[in-house]
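Here is a short tour to read beside your viewer. Keep the structure open and follow along section by section.

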Amino acid sequence: MRKKIVAGNWKMNTSVQEGIELAKAVAAKAGEIPAGVELIVAPPFTHLVSVAEALKGSKVALSAQNCADKEKGAYTGEVSADMLVSAGCAYTILGHSERRQYYGETDAKLVDKVRLALDKGLKVILCVGENLDEREAGRHFDVVSSQTKAVLYNFSAEELKNIVIAYEPVWAIGTGKTATAEQAEEIHACIRKVLADKFGAQAADDTTILYGGSCKPSNAKELFAQPDIDGGLIGGAALKADDFIAIALSF
Ligand code: PGA
């Protein structure tokens with residue numbers, strides 16, 4: 001049985017103090033979440049060490065939102081996979097559409113990042129998703145398939161065990177427009193097929209695929225009820241502990 005996950009991507013929000021409070025509020029309620037559901041929070045880099053401390057003794061895992069494509073050295077402003085591990089991270093998000101769109105993150109760069117993250121012992125939440133033009137042109141299956149292949153076909157079935165995929169249609173992120181459960185499900189099923197073609201049915205079946213894009217307490221239940229949707233990557237609604245927990249209670 002593949003793992004169910006609800007992950008909170010805080011993006012560039014909260015002060016360190018606010019982040020600690022949010023993490024404590026999530027940790028305090030994490031006991032309400034069924035045993036088979038993993039909770040993850042992904043604060044900004046500056047918060048990681050303090051949030052790790054705030055989460056101690058809880059079952060909430062810590063993730064970064066990005067990591068460097070180089071191991072170490074003269075790369076001013078970058079944060080390495082080793083640093084994330086030493087700060088207490090179990091995961092890093094990679095390839096979020098905001099990184100692809102605003103910071104020039106390419107599939108080729110993502111291969112290097114995923115490689116380093118896995119080699120250093122981090123699990124990866126790899127984001128894929130089409131933008132509005134691509135959806136309107138009917139290219140969403142092609143775009144998501146090729147993003148998935150371009151990165152993940154460089155890895156082995158063994159490595160895939162430490163990779164979670166998040167399908168996030170760009171037109172649904174932060175817009176209040178959620179993909180319908182049917183729209184999300186058909187892409188999730190397509191991603192699973194792309195995985196099965198390369199890694200076999202069992203490996204594809206064991207991979208957790210999250211939905212992200214305006215997921216909130218009012219729509220999580222319907223989304224999570226789909227056979228290929230294994231949880232969510234939550235942006236805006238992850239900034240309120242009660243909403244985040246309510247989403248995790250939606251399975
Ligand atoms: P949103 O963001 O829930 O605010 O739409 C999701 C994400 O970008 O991960």
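## The ligand shell

Let's begin with the residues around the ligand: this shell divides into 4 nonpolar, 7 polar and 2 charged residues. In this count Ala, Val, Leu, Ile, Met, Phe, Trp, Tyr, Cys and Pro are nonpolar, Asp, Glu, Lys and Arg are charged, and the others, Gly among them, are polar. Of the 13 residues around the ligand, Lys11, His96, Glu168, Gly174 and Ser214 come nearest (near means that a heavy atom of the residue lies within 4 Å).

## About the model

This is a predicted model, in which local features need pLDDT of at least 70 and side-chain atom pairs count only at pLDDT 80 or more, while totals for chains, interfaces and linings use all residues. Residues are numbered from 1 along each chain as its sequence is written, and side-chain values use heavy atoms, leaving out hydrogens and water.

Which protein atoms lie 2.7 Å from an oxygen atom of the ligand? Histidine 96 places a polar side-chain atom at 2.7 Å from a ligand oxygen, and glutamate 168 also has a polar side-chain atom 2.7 Å from an oxygen atom of the ligand. From serine 214, a backbone N or O atom lies 2.7 Å from a ligand oxygen. The ligand taken alone exposes 280 Å², and the protein buries 95% of that (areas by the Shrake-Rupley method with a 1.4 Å probe).

## Two loop residues to look at

Most residues other than glycine have a negative phi. Lysine 11, in the loop between strand S1 (4–9) and H1, has a positive phi of about 55°. Serine 214 likewise has a positive phi of about 55° and is found in the loop between strand S7 (209–212) and helix H11 (217–224). Helices (H or I, at least four residues) and strands (E, at least two) are DSSP runs, numbered from the N terminus.

Notes. Polar contact = N/O pair within 3.5 Å; in protein donor to acceptor, adjacent residues only side chain to side chain.
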